[in-house]
Amino acid sequence: MSFRRIQSVSLAAGLLFAASVAAFAQPTPGRATEAAAVEPLPFVGPIFADNMVLQRGEPDTIWGWSDPGDNVRVQIGGNTATGTAGADRRWVVRIQPPATGGPYTVTISGHQSVELHNVLVGDVWLCGGQSNMGLPLRFTKNADDEIKLANYPDIRFFTVQGHPAYHRVDVIEGEWRVVSPETANWISAVGYYFARKVQQEIHIPIGLVIDAVGGTPAESWTSEAALRPLHDFDIPLAELDRLKAENAPEYGNYVAHWYDQYDIGEKNNWAAPGFDDSTWKQVSIPGGFAELGVPDTPALVWFRKDIILPDPLPKLAAPASTPTPGPFPRGDNMLSLGEIERMDTAYVNGTEVGGSAWVENPRRYIIRDGILKPGRNVIAIRVLKTKPDGGFLSKPEDLVLALGDQISIPLAGQWKAKLSFDARPPQPLPIAYENWPVMPTVLYEGMLAPIAPFSLTGVIWYQGEQNSPRGYQYRKILPAMIADWRSLFGQGDFPFYIVSLPAFTKRSPVPADGDDWAETRESQAIAAAAVPNSCLAVTIDTGDPDNIHAKDKRPVGDRLALCALARYYGKNVVYSGPTLESVERVAGSIRLHFAHADGGLVVKGDKLEEFSIAGDDRKWFWADARIEGNTVVVSLPFVPNPTQVRYAWQSNPAATLFNGAGLPAAPFRTDAWLGKTEETKPY
């Protein structure tokens with residue numbers, strides 16, 4: 001089978017995919033695939049390895065594959081258990097772990113023998129979600145200082161490598177690492193701060209299994225059996241069934257399959273430097289679609305341009321001994337294309353260097369060593385445009401080929417172009433355009449099910465951004481997913497702690513009537529309140545209006561740790577900020593009563609703000625608010641009969657209400673009026 005690595009490294013998407021430190025290996029769209037060589041199943045599952053942490057206090061399930069009938073024996077710290085390989089070659093052993101701590105050696109013997117060294121016994125937490133869970137420590141605030149001090153031999157982490165799948169996968173790839181200044185670059189920052197705070201309070205080994213992929217929705221992490229009863233995903237599940245029946249490549253997204261079916265440019269290798277484009281039209285970029293007869297209709301177009309580079313090529317700057325935080329090392333060759341609507345794929349000399357469906361983020365693709373050469377080079381760009389004003393959206397000066405820090409070659413102007421597919425109605429377009437895994441079930445099958453039933457303490461979950469356009473629906477999918485995970489691992493209602501989304505995007509100067517992130521946070525809070533043994537870590541006072549991957553991850557990890565310390569470990573710590581408990585409507589005002597007002601209600605900033613008020617006319621105004629004991633009284637003179645209140649009800653609110661422990665109040669509303677996302681039907 002032909003494989004490639006997804007390289008969607010536009011400015012923001014580079015960080016988005018940093019969530020999966022390992023890239024995705026998957027077939028190249030549009031190219032014939034040969035039968036994949038069947039890899040032999042390993043004697044011991046890859047998640048059982050040197051430096052791992054085994055769960056304390058309960059039997060640990062260990063598995064692998066051997067000859068049918070092979071009796072496999074597992075020994076650790078004086079404890080022994082056995083199991084027999086079945087007809088499917090799989091063997092499973094459940095063994096009682098020794099005392100918390102270590103290090104121990106685990107011996108596994110049958111027709112083969114394996115020893116696992118430097119194994120600890122402690123608590124194992126699964127870190128799930130999308131890019132903000134997977135975001136490595138090296139990309140976050142104070143990274144250099146934190147990494148230098150990250151000497152925690154009792155904290156270990158295993159990062160599950162990305163692998164979308166349409167059928168159940170047996171084996172994942174990954175490696176257990178001990179947290180040290182040499183390894184901490186690539187640990188999940190949220191997971192790191194969580195584990196550090198817990199370990200410093202509880203003084204036992206902590207293992208983190210990081211199972212997160214940037215840009216992925218919750219339904220990708222949920223099984224078909226859990227999704228079917230919701231009936232919200234019938235259309236994509238039907239598409240998935242069709243692809244399974246066709247034995248299609250397991251891309252995990254819709255657009256790659258669409259290219260396979262409709263893109264004649266991919267089929268005929270229009271990216272190849274030797275391809276004859278002499279009959280193609282001359283067009284001008286930015287632009288280029290009108291000349292091909294598709295100025296304002298959906299279309300798939302290929303563009304090609306020859307670039308002459310000097311001999312010799314300029315030398316790139318030597319890499320720094322310590323990597324520069326951020327997705328782009330300084331001095332790299334870089335192809336910059338600006339913003340593009342809707343989806344692009346870029347090639348240099350026939351090699352794919354990047355692609356993205358994230359419209360608003362400028363494309364910046366690193367060109368690896370050995371791709372560029374002296375003399376003639378060919379840049380090819382495939383663009384799927386869906387809107388009348390789509391295609392290349394940026395200024396001409398934003399289209400540049402940079403050779404390190406020395407040469408910058410403008411790319412705007414004359415290109416050659418050819419229409420690959422006229423996608424105007426009634427021709428179909430993809431269900432969705434993301435070129436990363438977004439299809440239902442594909443990460444459950446490829447990345448979650450293969451590690452079950454690994455013994456766990458619980459889960460910390462940071463996700464919701466990708467589901468935010470359907471924020472109201474999230475109150476259905478998240479509880480279904482949690483129940484699904486608990487069923488999969490078969491260890492009861494283990495703790496499941498949820499990050500409430502932080503602040504993001506430009507702040508609204510007027511009260512927001514509908515807001516996708518606010519409604520997603522509400523769904524997260526509803527799920528946390530309804531699902532047993534769960535907890536909400538409110539982060540509304542953190543975030544970055546200009547960067548969905550806010551760099552300050554310590555408050556996120558610390559607040560998840562507070563949930564664990566209070567709710568699981570039984571520590572007497574404050575774990576929640578003020579939460580709305582009851583509403584009292586009095587003449588001309590509304591009094592809000594709060595739980596979790598530990599240390600009293602506190603104003604952060606110059607005044608208590610971000611409260612809005614409305615009457616029966618459903619018109620929202622910023623309100624006057626004051627603290628009285630453990631209550632807040634909200635009023636406004638020209639709203640004499642207020643009926644409803646909202647607090648922090650926008651994507652990027654000013655968080656001003658806290659408790660004496662320094663934890664922020666959770667955003668809330670008292671009304672149940674129709675929101676922005678309640679009737680959203682994506683399919």
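Of the 683 residues in the chain, 58% are buried. The structure described here is a predicted model. Its secondary structure consists of twelve helices and 39 strands. The radius of gyration of the chain is 27 Å, close to the 26 Å given by the globule rule for 683 residues, and the chain is therefore as compact as a globular protein of that length. The C-alpha trace extends over about 80 × 75 × 50 Å along its principal axes. When contacts between residues at least 6 apart in sequence are considered, 75% join residues at least 24 apart.

The accessible surface of the chain amounts to about 26,700 Å², and carbon and sulfur atoms contribute 49% of this area. The chain carries 62 positive and 77 negative charges, whose mean positions lie 2 Å apart.

In soluble globular proteins, nonpolar side chains tend to be buried together. In the present model, the largest nonpolar core comprises 102 residues, and those with the most contacts inside it are Trp91, Ile108, Val209, Phe454, Trp461 and Phe611. Helix α10 (residues 474-489) supplies the largest share of this core, with nine residues. Another core, of 44 residues, lies apart from it and includes Ile202, Ile204, Trp358 and Val556. Leaving aside neighbours within four places in sequence, Ile108 is in contact with Phe43, Val44, Ile62, Val72, Val74, Trp91, Val114 and Leu116, among others. Arg73 and Ser113 are also among the contacts of Ile108.

Helix α7 (residues 255-262) is mostly covered, with six of its eight residues buried. These buried residues are Val255, Ala256, His257, Trp258, Tyr259 and Tyr262. The elements that cover them include two helices, α6 (234-245) and α8 (264-267). Strands also contribute to this cover, including β14 (299-309), β17 (343-348), β20 (375-385) and β24 (413-422).

Ser534 counts as buried because its relative accessibility is 2%, under the 20% cut-off. Not counting residues up to four places away in sequence, Ser534 touches Phe496, Tyr497, Ala527, Ala528 and Arg567.

Key: Residues are numbered from 1 along each chain as its sequence is written. This is a predicted model: local features need pLDDT of at least 70, side-chain atom pairs count only at pLDDT 80 or more; totals for chains, interfaces and linings use all residues. Side-chain values use heavy atoms; hydrogens and water are left out. Helices (H or I, at least four residues) and strands (E, at least two) are DSSP runs, numbered from the N terminus. The radius of gyration is taken over C-alpha atoms; the globule rule is 2.2 Å times the number of residues to the power 0.38. Buried means under 20% relative accessible area, exposed over 50%, partly exposed in between (1.4 Å probe, protein chains only). Contact means heavy atoms within 4.5 Å. Accessible areas come from the Shrake-Rupley method with a 1.4 Å probe; for residues, only the protein chains shown count as cover. Lys and Arg count as positive and Asp and Glu as negative; His and the chain ends are not counted. The place of a charge is taken as NZ of Lys, CZ of Arg, CG of Asp or CD of Glu. A nonpolar core is a set of buried Ala, Val, Leu, Ile, Met, Phe, Trp, Tyr and Cys residues joined through side-chain atoms within 4.5 Å.
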